[in-house]
Amino acid sequence: MILNELAIVESTENIAANTFQTFLKSPKLAASMKPGQFINILPSENWDKMMRRPMSVASQKDGVISIIYKVVGQGTQLMQNWSVGDTVDLIGPLGNYWDGYTDKLSILIGGGVGIAPILNLTNHLDDLGENKVLIMGARNSSEHFIEHNPEYGIYMTTDDGSLGIHGNVLDPLKLALENIDFQNVKIFACGPPAMMEAVRQFSIRQNIECDLALETLMACGFGICQGCTVEFEKKQEIREHTYRNRYGLVCMDGPIFESKEIKSCHL
Amino acid sequence: MSSIKFGNVNFSSSILVASGTYGYGHETASMIDVNGIGGIVTKSVTRHPREGNPPPRIAETSSGMLNSIGLANVGVEEYCKSKLPYLNELNTKIIINIAGTAVEDYVETLQILEAAGGKHVGYEINISCPNVKEGGMSFGVSAQMTESLTAELRKCTSKLLIMKLSPNVTSIEDIALGAENGGADAVSAINTLVGMGIDIKTRKMKINTTFAGLSGPAIKPVALANVYKVFKAVKIPIIGLGGISCVEDVIEFILAGADLVQIGTLNYREPGISIRLAQELDQYCKDHNLSSIHDLKGLVEHH
């Protein structure tokens, strides 16, 4: 059930270069959100923009949820400036959630804006005691906040080689897949469109099960505006909120889609 | 108070939600009491289903947004089957927005809806969608075509018949007169303005279809001017819309000549805004000893 909750800012931490994690006291959302779902945030009561900012939740525990964001525009700047005790208007839980992560070896791939839902699933798998591989991609070391630890299946990559593996997320993915039956693996990915599209095409070529959490502009987040469309690879059955069968809505059919289900991650 | 009798219909508040910005009414039901809304104008329905336009369909602008959804909808038969039953259970007033490409499309769609026997109180006729080549815009720019379409539809229903006017015309007064002469109960003004945006990083159009509809507070002064022009031109009631975001905006539209208003783009940001503004409008009436907000209709004074 979608809720509109006024959350209270508990704390904000600077976790990497220009990247922040804010914890919000939001008991109803914390109790009902699942890893992979998102909320739609009104950064300020008074701002002149029309659209809330949709963001994946990085954690939901003990009445508190958290979001992770890079300060790139007016909305995220307002968020970074939130003071402890400020009230923030949230709508959620929105969208579908990760599933199928206990059946096979999970390989989690995150990058850029896509680290929140991947971290959420990482922690959830840790809580469940499930084995996993975690791969995080970034341009350089300043964007990373997790230790590169291949022994434990944790790989950091950088475009400039300043930390971990010099390259992109496909390099450690190929390493992690060595000597494994691909049928026993499932990939979960969220990140910049180019990264996700590379992972999507790789997974299709190798016939590996792969779920991708997409990000796009949304006006509402709950199926009304019909603005956040993604084109399906094959026409689907008509669903209540999508009206038709060629385009899906990232907010209601997603944000998580199977790699074979969609035409592209470039929206 | 802000309630109003409009034709034979009593609206519990003067603030409705605009077509395309509130789906079919069920989407926000877990967040707000939709029966507290003065009325819901449902997403445009067409004779046959429409896929809508390819993405990207929306973009943010200064105090507004661009959209080019392309009238994506299930088509009128599916609408009657899967949308009307829920709408029939609501106590708020339902107005069904109809879009089409030819007179027969509009007439058939309306006849199918009439035969379905829903509780809806009227129809808003979209003759002004800027986002599809055949979106009725040829009707919306011609007073004569507006009049004949209105007259054809008038023959088919005794429910409220509201023609939705476009600002993208030379003379909105002439189109409004066409609607009035054709027998419309009211006009709503305005639909979105034609706009465009460019992503300077990719050098691509921000919207797939190049041109899109601009909405939000950015267009409020344009909407207000058009409502006033229409008020000066016709005697039938006017539903004002275009960028309304606060109670002061609502009062401005009424002073300019509107009887009812619709909230559009702001619904996305605050799904319950129409209920909040209705309460604030009632408070305004109390504070100013007005028995009805409608006493202010068209009372704007000149310098």
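Colleague: Hi! Before we start, what are the ground rules here?
Modeller: It is a predicted model, in which local features need pLDDT of at least 70 and side-chain atom pairs count only at pLDDT 80 or more, while totals for chains, interfaces and linings use all residues. Residues are numbered from 1 along each chain as its sequence is written, and chains are lettered from A and ligands numbered from 1 in the order in which they are written.

Colleague: Nice. How many helices and strands are there in chain B?
Modeller: Chain B has 9 helices and 16 strands. These are DSSP runs numbered from the N terminus, with helices being H or I of at least four residues and strands E of at least two.

Colleague: And why is chain B called as compact as a globular protein of that length?
Modeller: Because its radius of gyration is 18 Å, close to the 19 Å that the globule rule gives for 303 residues. That radius is taken over C-alpha atoms, and the rule is 2.2 Å times the number of residues to the power 0.38.

Colleague: What share of chain B counts as buried?
Modeller: 57% of the 303 residues. Buried means 20 or more other C-beta atoms within 10 Å of the residue's own, exposed means 12 or fewer, and partly exposed is in between, with C-beta atoms placed from the backbone.

Colleague: Which strands make the barrel in chain B?
Modeller: The closed barrel has 8 strands, S3-S4-S7-S8-S9-S10-S15-S16, with parallel pairing. The twist averages 25 degrees from one strand to the next. Strands pair if DSSP finds at least two bridges between them.

Colleague: How many bridges join S3 to S16 there?
Modeller: 3 bridges join S3 (residues 15-17) of chain B to S16 (residues 260-263) of chain B. Looking at one residue, B:Ile15 has B:Val261 as its bridge partner in S16(B).

Colleague: Which strands does helix H5 of chain B touch?
Modeller: H5 (residues 172-182) packs on the sheet against S9 (160-165) and S10 (186-189) of chain B, and its direction makes about 165 degrees with that of S9(B). Axes are lines fitted to C-alpha atoms, for helices over the stretch in contact, and angles run from 0 to 180 degrees between N-to-C directions. Contact means C-beta atoms, placed from the backbone, within 7 Å.

Colleague: Switching to chain A, where are its domains?
Modeller: Domain 1 is 3-94 and domain 2 is 105-258, with bounds from an automatic or database domain assignment. Their C-alpha centres lie 21 Å apart.

Colleague: How many residues does the contact take from each domain?
Modeller: 22 from domain 1 of chain A and 21 from domain 2 of chain A.

How values were computed:
Two residues are in contact if their C-beta atoms, placed from the backbone, lie within 7 Å.
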